[in-house]
Amino acid sequence: MKIVDAKVVVTSPGRNFVTLKITTDDGLTGLGDATLNGRELSVVSYLRDHVVPLLIGLDPHRIEDIWQSLYRGAYWRRGPVTMAAIAAVDVALWDIKAKAAELPLYQLLGGASRERVGTYGHASGRDLPELFDSIRQRLAQGYPAVRVQTGVPGLKTVYGVGGSAAAAADAGSVSAHPRPVVEDWDTAAYLRHLPSVFEAVRSEFGAELPLLHDAHHRLTPIEAARLGKDLEPYRLFWLEDCTPAENQEALRLVRRHTTTPLAIGEVFNTVYDYQTLVTEQLIDYVRSAVTHFGGVSPLRKLFDFAAQYQIKSAIHGPEDISPVGMAAAVHLDLAVHNFGIQEYSGHTPLTERVFRHAYTFTDGHLHPGEAPGIGVELDEELAAAHPYDPAYLPVNRLQDGTVHDW
Ligand code: GCO
Ligand code: MG
């Protein structure tokens, strides 16, 4: 078999998605997600200008060899643009291999280790009544676990909170934000407020509901340690991205002070970003997306590495992972032994028409379906009717104007 065509499709059915479609000489096609929120076109150029010309004529079955030649052959390694581009190739090739075998991808990854894939959904509110409504909504949708984000008194907008520009950008109202929206931040106010929110949520929803929280890279190690400690009585499922974690050693300090489980990794793109965190058992969940980590091949290796340290998978699944990236994630979730949880935000009805998928979401659980490959079909005509729409994620400033981590 030979690769005869590879093309990059950019579409914005409510938010931007970048998809690679590889075609073989016997007519098989494979899809890969290359969406990098707010920096989409740099991945498009990386693929179109530098990767596609190298793919033509290659044997698509040689996934590992093609992966290694793109990673090592570029000389310039790692980084989100490179790894999103390589991820798209990797997933498209796995899609083709599984279609050629007439099997759903999870069967090539060792088969199902479980019947279905547990998820968590996002709940948020500017205040407690709004937050409680949002949690009730997620529970009504069947979500077995809920991520809780809340407004902070004195701050106008906070990451992930309904009604804020951040939530809109996060959820996909992209065209409203041709320049980054500026949000405000005050760490002390947040640290004072958050424990009272979890206290209220626990007393309203009981002890059993798994609760998660995302600190979105905003804390120093000692602040994160304090927060983890303060949240211990509420038994979180995890505290996510408590520090920026470019400095992996920072997590030693956090870990020393708290038993709140820690999850990190949505902005990481290779196993090297995790070495200290995993070997020193400083975290409990690895959070990378198939789309930003170089594909199914390296993410599977990360999960096997993490398994040796009883660390579990928790694949990043916001709306900016396309249904193609989500499908690949769900196949991996079903197959790996050390599965933890899958973040699932779903997509708009229009997005679901552009990308028809075999995976299903029922009673808060995902299943990849039995279609050969990853089980996603791209409607190219509908995709073309919704062209690229420039959009940025927000930036964050302290009250004196200093830029802070968003
Ligand atoms: C999450 C993430 C997202 C990111 C978004 C950025 O936990 O789902 O933090 O909400 O902010 O993916 O593009
Ligand atoms: Mg996050």
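Author: The model is a predicted one. Two strands are said to pair if DSSP finds at least two bridges between them.

Reader: What makes E6 and strand E17 a pair?

Author: Four bridges join E6 to E17 (residues 395-398), and the definition asks for at least two. The two strands therefore count as paired, and they run parallel. One of the residues concerned is tryptophan 185, whose bridge partner in E17 is leucine 398.

Reader: Why are strand E6 and strand E18 said to stand at the edges?

Author: The open sheet has three strands in the order E6-E17-E18, with mixed pairing. Strand E6 (182-185) and strand E18 (403-404) each have a single partner strand, so one side of each is left without a neighbour in the sheet.

Reader: What makes the approach of glutamate 343 to ligand 1 a polar contact?

Author: A polar side-chain atom of glutamate 343 lies 2.5 Å from an oxygen atom of ligand 1. The cut-off for a pair of N or O atoms is 3.5 Å, so this pair qualifies as a polar contact. By the same cut-off, glutamate 266 qualifies at 2.7 Å and histidine 216 at 2.9 Å. Taken alone, ligand 1 exposes 340 Å², of which the protein buries 94%.

Reader: Which classes make up the shell around ligand 1?

Author: The shell has eight charged, four polar and four nonpolar residues. In total, 16 residues surround ligand 1, with Asn37, Tyr159, His216, Glu266 and Glu343 the closest. The space that ligand 1 takes is the largest pocket.

Technical notes
Residues numbered from 1 in each chain as written. Chains lettered and ligands numbered in written order. Predicted model: local features only at pLDDT ≥ 70, side-chain atom pairs only at ≥ 80, totals over all residues. Heavy atoms only, no water. Near = heavy atom within 4 Å. Polar contact = N/O pair within 3.5 Å; in protein donor to acceptor, adjacent residues only side chain to side chain. Areas by Shrake-Rupley, 256 points an atom, 1.4 Å probe, with all protein chains shown as cover. 1 Å grid on protein atoms, 1.4 Å probe; cavity = no way out; pocket = protein on both sides within 12 Å on 5 of 7 lines; lining within 4 Å. Sits in = over half its atoms within 2 Å of the grid points. Nonpolar A, V, L, I, M, F, W, Y, C, P; charged D, E, K, R; others polar.
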